[in-house]
Structures are given as C-alpha cells and as structure tokens.
Amino acid sequence: MLQCTLKARGSGEGTGTKMRSSGASVKTEVWDGKGIAMKILIVEDDAGLGRGISFALEQEGRTVFRAQTLKEAKALWEKESPDALILDLNLPDGDGIDFCKKIRKFSDVPILILTARDMETDEIIGLTSGADDYITKPFSVSVLKLRLQKILERRREKTEGSTVLKSGEISLDTKSLHVFRGEERREVDLTMTEFRLLQYFLENKNQVLLKEQILQHIWDADGNFVEENTLSVNISRLRKKLGGDCIRTIQGMGYLWEDKA
C-alpha cells in the first residue's frame, strides 16, 4: 500500500501533449480526446499510394511517417515510437508479416494490414500474426480511415477499461494503488515516487526511457522537479523491493523495464 497519497497527473480528457527532452520528442499521451492516435507509421513501397494515404490522414490532424522498406520502417519505429501502424506485406526487402510478428511481441499498438494479397488464407495469416484488421487493394481511402478509426477506438476503450498493469509476477492496480508480487499476491509497500516509477515502467515495457524523460514524468507532491540523484536512489530501492532484474540500466542513456513474460 502507498505510504502517501498519489497525485494524479496527465489523465484528463482533451488533446494529448508532447514533452521534449534533449531535442527529442517524448510521448506523454497516446490518444487525444476522440481516440485518435497522433502518430501513424505507414509502411508502403508504392510511393504514390503512400503519399495519398499520408495526405488523407494528415488532413485529420495526425502526424504521419512513411517508409518504403522494412529497414526504413524499423528505423522509424525505433526513432518515433508511432501510435499505430499501416503495413503493406509485399516489401522490397522482406515480408511485412515478419515485421508484424516482431512488433506484436513487445507492443500492442493497432496494426492495419494493407495489401494486394486477397486470398482468404493470407488474411487469416495476417490476423493471426497480430494485425487488428486487413484491407485488400484496391481500396477506398474513406474505408481505410474508418477502419483505422474503429481500431483506435476499440483499443482506447480496452486501455481505459483496464486498471491493472502486469509484467511477469508483478501487478500494479492504478485504481486501488496497490502493487502485488508473485502467485500468492504478496503486497509490495511502495512510496509515491516508487509507485509512479513502476507504473511508468510498466506502461513502457521493453522501451529505453531516458533519464531526462523519466525526470520530466516523475514529480513530487509539491510539484518540485526530481533530481537525477534522487531518481537513482529510487530506482535502487524499487529494485530491492521488487526483486529480480527487470529494471536494466542502459549506460549513458537511462533505464529499461524488461518484460520477460
């Protein structure tokens, strides 16, 4: 149980915001008030088609990144952390299905497959590989936008409906503010800062979080900025209380919560 009252922050309705750290964009809100993902990655080798889809989505206020190869897609994924993925399957340097499977291993972002493969077996393979929806070419841009919006709304409803974050034997309830460990659900006694650190890690599993990024996210009850030394001390305490080696130090950068589930 927490030793002090947790002060909620960043949970209000309305448009999501962005923070900046060391010149890099740091995502603090995935959804805006209407369930719209702000950053979309389009992986499509047809440049003209990619530009057309990009233009249509940008008209709705989304930020769009385009890749024509898997190599470009991987680089943009790591750099931009997109909120949704529109993925072609027939790419010059590989099969989009493999990329879909890889992404789904560590992320639950909405994935919409857009491809010329129109066989039922291809659609089944795509959906069972982790895609949320499957559209065959030729297609209507209006239909694509509607399908994408529906996926985003379903994912938003699912996210908002869940109050428990889990990783391995650790579970954190954002509603009751309790943390449990192991199958016997032993309660872990955390301070406010430790709780918020753990919640932030569980919301960003398998992602490197820069020290500056964490410092911007973790504030004390009076709104004073947390010093880097204080962050290190709290990370150390959290490790001891949770046991195991889930929190990895990434030298010169920050920390990573390794989800081994």
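Figure 1. Arg117 lies in the loop between strand 8 (111–115) and helix 4 (120–128) and Asp95 in strand 7 (residues 94–95), so the pair ties together parts that are 22 residues apart in sequence. Helices (H or I, at least four residues) and strands (E, at least two) are DSSP runs, numbered from the N terminus. The model is predicted, so that local features need pLDDT of at least 70 and side-chain atom pairs count only at pLDDT 80 or more, whereas totals for chains, interfaces and linings use all residues. Residues are numbered from 1 along each chain as its sequence is written, and side-chain values use heavy atoms, with hydrogens and water left out.

**Figure 2. Further salt bridges, including Glu60 with Lys145 and Glu169 with Arg181****.** By the distance rule, the count comes to 10 salt bridges. Among them, Glu60 and Lys145 meet through their side chains at 3.8 Å, N to O. Glu60 lies in the loop between helix 1 (47–58) and strand 4 (63–67) and Lys145 in helix 5 (residues 141–161), so this contact ties together parts that are 85 residues apart in sequence. Glu60 is partly exposed, with a relative accessible area of 36%, and Lys145 is partly exposed at 25%. The side chains of Glu169 and Arg181 form a salt bridge at 2.9 Å, N to O. This pair links distant parts of the chain, with Glu169 in the loop between strand 10 (164–167) and strand 11 (170–173) and Arg181 in strand 12 (residues 178–181), 12 residues apart. Glu169 is partly exposed, with a relative accessible area of 42%, and Arg181 is partly exposed at 22%. Glu44, Asp88 and Lys137 are linked in a network of salt bridges.

**Figure 3. Pairing of strand 16 with strands 14 and 15****.** Strand 14 (residues 208–210) runs antiparallel to strand 16 (residues 254–257), to which 3 bridges join it; two strands pair if DSSP finds at least two bridges between them. Within this pairing, Val208 stands opposite Leu256 of strand 16. Strand 15 (residues 247–250) is also antiparallel to strand 16, with 4 bridges joining the two, and Thr249 has Tyr255 in strand 16 as its bridge partner. Strands 15 and 16 form a hairpin with 3 residues between them, and Gly252 in the turn has a positive phi of about 80°.

**Figure 4. The loop residue Asp83.** Asp83 is found in the loop between helix 2 (70–80) and strand 5 (84–87). Asp83 counts as buried because its relative accessible area is 2%. Although 26 residues separate Asp83 from Val109 in sequence, the two are 6.0 Å apart in space, C-alpha to C-alpha.

Terms used:
A salt bridge is a side-chain nitrogen of Lys or Arg within 4 Å of a carboxyl oxygen of Asp or Glu. Buried means under 20% relative accessible area, exposed over 50%, partly exposed in between (1.4 Å probe, protein chains only).
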